[in-house]
Amino acid sequence: MNPKDPDYIFAHKIYVAIEEYDKLGADDFMTEYGFGKATTYALELDGKQYPPKAIYGLAWELQNPGKKFMQTDSGKRRTFGKPQIDRILKICPSIKLVKLK
């Protein structure tokens, strides 16, 4: 992958978000960045699980400084779903999606 490719850059941001989650722990991460816990699916990397929306959201915010993932420029709520999860899985092949029990 080309280091100037937007997906390459975003993949790096995904891993930075995961590192931040590991550093802060689940509760402090959610409080700091304003995301909720995963209820249906989790991202899995090296045996650890991560909330997909929160990881994607922080990565998006890191790539778009000064903007919040959950709010569009027009003030509407941004959605998160299958297209965003598929993007993570495509650009970060070491990350898997697992269904929560």
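1. In this predicted model, E20 touches F29, Y33 and L58, once residues up to four places away in sequence are left out of the count. E20 has its place in helix α1, and it counts as buried because its relative accessibility is 17%, which is under the 20% limit for that class.

2. The packing of α1 (residues 6-24) against α2 (residues 26-33) is described by an angle of about 120° and by axes that lie 6 Å apart. That angle makes α1 oblique to α2, and the crossing in which α1 passes α2 is right-handed.

3. What angle and what distance describe the approach of α2 to α3? Their axes come within 11 Å and cross at roughly 50°, which makes α2 oblique to α3; here α2 passes α3 in a left-handed crossing. The contact is made by F29, M30 and Y33 of α2 together with A54, I55 and L58 of α3. By class, it has 6 nonpolar residues and neither polar nor charged ones.

4. The largest nonpolar core has 24 residues, and those with the most contacts inside it are F10, I14, I18, F29, Y50, I55 and I95. The elements that give two or more residues to this core are α1, α2, β1 (41-45), α3 (52-63) and α4 (82-91). Taking F10 from that list, and leaving aside its neighbours within four places in sequence, one finds it in contact with Y56, A59, W60, Q63, R87 and I91.

5. K68 deserves a separate entry. K68 has its place in the loop between α3 and α4, and it counts as exposed because its relative accessibility is 54%, over the 50% limit. Its contacts, apart from neighbours within four places in sequence, are with W60 and E61. K68 and Y33 are 35 residues apart in sequence, and their C-alpha atoms are 9.5 Å apart in space.

6. K90 is found in helix α4, where a relative accessibility of 63% means that K90 counts as exposed. From C-alpha to C-alpha, K90 and L62 are 19 Å apart in space, and they are 28 residues apart in sequence.

7. Which residue has a positive phi although it is not a glycine? That residue is D46, with a phi of about 55°, and it lies in the loop between β1 and β2 (48-50). At 74% relative accessibility, D46 counts as exposed.

8. The last point concerns K96, which has its place in strand β3 (residues 96-99). With a relative accessibility of 46%, K96 counts as partly exposed. Not counting residues up to four places away in sequence, K96 touches A42, L43, E44 and L89. K96 and A42 are 54 residues apart along the chain, and their C-alpha atoms are separated by 8.3 Å.

Definitions and conventions
Residues are numbered from 1 along each chain as its sequence is written. This is a predicted model: local features need pLDDT of at least 70, side-chain atom pairs count only at pLDDT 80 or more; totals for chains, interfaces and linings use all residues. Side-chain values use heavy atoms; hydrogens and water are left out. Axes are lines fitted to C-alpha atoms, for helices over the stretch in contact, and angles run from 0 to 180 degrees between N-to-C directions. Helices (H or I, at least four residues) and strands (E, at least two) are DSSP runs, numbered from the N terminus. Angles under 35 degrees count as roughly parallel, over 145 as roughly antiparallel, 65 to 115 as roughly perpendicular and the rest as oblique. A crossing is left-handed if the near helix is turned anticlockwise from the far one by less than a right angle, and right-handed if clockwise. Buried means under 20% relative accessible area, exposed over 50%, partly exposed in between (1.4 Å probe, protein chains only). Contact means heavy atoms within 4.5 Å. A nonpolar core is a set of buried Ala, Val, Leu, Ile, Met, Phe, Trp, Tyr and Cys residues joined through side-chain atoms within 4.5 Å. Ala, Val, Leu, Ile, Met, Phe, Trp, Tyr, Cys and Pro count as nonpolar, Asp, Glu, Lys and Arg as charged, and the others, Gly among them, as polar.
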